[in-house]
Amino acid sequence: MNKLYYGDNLDILRKYIRDETVDLCYIDPPFNSKRNYNQIYNNLGKEDKAQAQAFVDTWTWDTRAEEGFAEITSNYNGVFTKQSIELINGLSKVLGKGSLLAYLISMTLRIAEIFRVLKLTGSFYFHCDPTASHYLKLLIDSIFCAKGGDFQNEIIWAYKSGGATKKRFARKHDIIFFYTKSNRFFFNPQKEKSYMMHKYGFKKSNFQIDKDSGLQYSMVYQKDVFDIPSIGSDSAERLGYPTQKPEALLEKMIRASTNEGDIVLDSFCGCGTTISVAEQLNRKWIGMDITYQSISLILKRLEEHFGINTLKNIEINGVPQDFDSAVALAHKQDDRTRKEFEKWAVLAFSNNRAIIHEKKGGDKGIDGISYVVDSEDNKEVVKEVLFSVKSNAILSPAVIRDLNGTIEREKAVMGYFITLYPMENLVRESKKYGVYDNKLFGHSYPKIEVVTVDDILQGKTMKLPTSLEVLKKAELKMKGNQEDFGF
Ligand SMILES: C[S@@+](CC[C@H](N)C(=O)[O-])C[C@H]1O[C@@H](n2cnc3c(N)ncnc32)[C@H](O)[C@@H]1O
């Protein structure tokens, strides 16, 4: 079984992942870039881009950092080497207790666990950029090299896309540190194309390689510079996740450091690039992410690429399974990623077919949006469906009236009100607003439907012809599948 964990990877690694069980670990953690990433979705039929906070990439010296510092310096669980303890002590003197040290402490805690879970033959790839790579290499050395592991490569991932500047040379590479747990590590050499420029009388330095040029090439051993385009706005792989990495990048590392059936771990898995490539290459995998948006996106990506049956082979952990865990998520004190309960409710109920709505101005009550396909003047149109989520124990019918007001104002067609606690008064109020008639499918839906968290836990999902779904069904029909459009 493959495993997908929703939660903080430090807790998950410590609680659930046994010693020496993983063949390859790749991580691409937040880079201490001192900014928050916004997830930009590719909305079908929608001109303005909804944004939702994907994850917080800012670090401050807080109680969490202080606790991490104490854990390292007291060698909690016995996983920290003398060198890593000395290093963190030394860095605290050089850097002071601020944002950078908080970030480095957070990484030290996790790298020590990753070292523990790797098999003796296992490999570790740490993806970062020049913001903090010089400190990170010291950290990984202090954990890996001090315990019999070794540094193998500094891989440069070179890309061309993105902006340039006149102030300095344009920054167009990331760094991936490749370490192994011992010198008995598994490595399957990879090859890359080397174009035979001399045959054409070109000097390599002033020749632009065109993928489709049909030039002759030979295969040579892969160098530590990976020339792979990043995910641009027109990339076929693009999912709209801000830090999505190209599959070709992961493919090189997974092929080099694992065989079929081996276990690949990504404890910061984002939109699931590592997972998707591992699945494609018949590796087993373990994914972890702290935001439900990532978990939702990964499930959707796997379903779309490999079919619904792939989902049956995944054990999903950390997602509310019962009322008590849903209540715990709603009342989570330390929610660094913010509004996780609302995101979980919207994405679980919509079966990953809604997008999370970033609160702004007048739309305060809206937590998510989905798009339903309808028809107007004999033309196909896409209409908005709104989601509002509340975890209060007592609510007045005014919340339903407000949702109706927002539906009207936003020119949406209907809304779902998701409540943690069931309330008859809300259901009674919702019935006053009648139905929404979908002309394309000749079907009526309550204009406002009250859904409880218990409904979601029992597997109730939205049954609307959303735009993505309709596109997929249309494609299936074109391939001769006679499946009906029955919703
Ligand atoms: C840079 S993104 C990874 C992108 C990924 N490589 C891809 O191609 O989609 C980093 C991810 O780490 C997650 N993350 C940050 N802190 C985490 C933590 N403590 N535990 C688990 N996941 C975390 C974020 O939610 C985010 O999705």
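Leaving aside neighbours within four places in sequence, I105 is in contact with A65, G68, F69, I72 and I88, where contact requires C-beta atoms, placed from the backbone, to lie within 7 Å. The model is a predicted one, in which local features need pLDDT of at least 70 and side-chain atom pairs count only at pLDDT 80 or more, while totals for chains, interfaces and linings use all residues. Residues are numbered from 1 along each chain as its sequence is written.

I105 also belongs to the largest nonpolar core, which has 112 residues; C25, I105, F126, L139, I140, A345 and F417 touch the most other members. Such a core is a set of buried Ala, Val, Leu, Ile, Met, Phe, Trp, Tyr and Cys residues joined through C-beta atoms within 7 Å. Here a residue is buried if 20 or more other C-beta atoms lie within 10 Å of its own, exposed if 12 or fewer, and partly exposed in between, with C-beta atoms placed from the backbone. Helix 4 (residues 99-117) supplies the largest share of this core, 12 residues. At least three core residues come from each of domain 1 (2-195 + 221-319) and domain 2 (324-478), with bounds taken from an automatic or database domain assignment.

Across the 487 residues of the chain, 38% are buried. The chain has 14 helices and 20 strands, defined as DSSP runs (helices H or I, at least four residues; strands E, at least two) and numbered from the N terminus.

Turning to a helix pair, helix 3 (residues 82-95) and helix 4 pack at an angle of about 170 degrees, with their axes 10 Å apart; axes are lines fitted to C-alpha atoms over the stretch in contact, and angles run from 0 to 180 degrees between N-to-C directions. Helix 3 is therefore roughly antiparallel to helix 4, a label for angles over 145 degrees. From helix 3, S84, I88, L91, S92 and L95 meet L100, L101, L104, I105, T108 and A112 of helix 4. The residues of this contact divide into 8 nonpolar, 3 polar and no charged (Ala, Val, Leu, Ile, Met, Phe, Trp, Tyr, Cys and Pro count as nonpolar, Asp, Glu, Lys and Arg as charged, and the others, Gly among them, as polar).

Two loop residues also deserve a look. Most residues other than glycine have a negative phi. N351, in the loop between helix 10 (340-349) and strand 14 (355-356), has a positive phi near 55 degrees. K411, in the loop between helix 11 and strand 17 (414-419), likewise has a positive phi near 55 degrees.

Conventions: Two residues are in contact if their C-beta atoms, placed from the backbone, lie within 7 Å. Angles under 35 degrees count as roughly parallel, over 145 as roughly antiparallel, 65 to 115 as roughly perpendicular and the rest as oblique.
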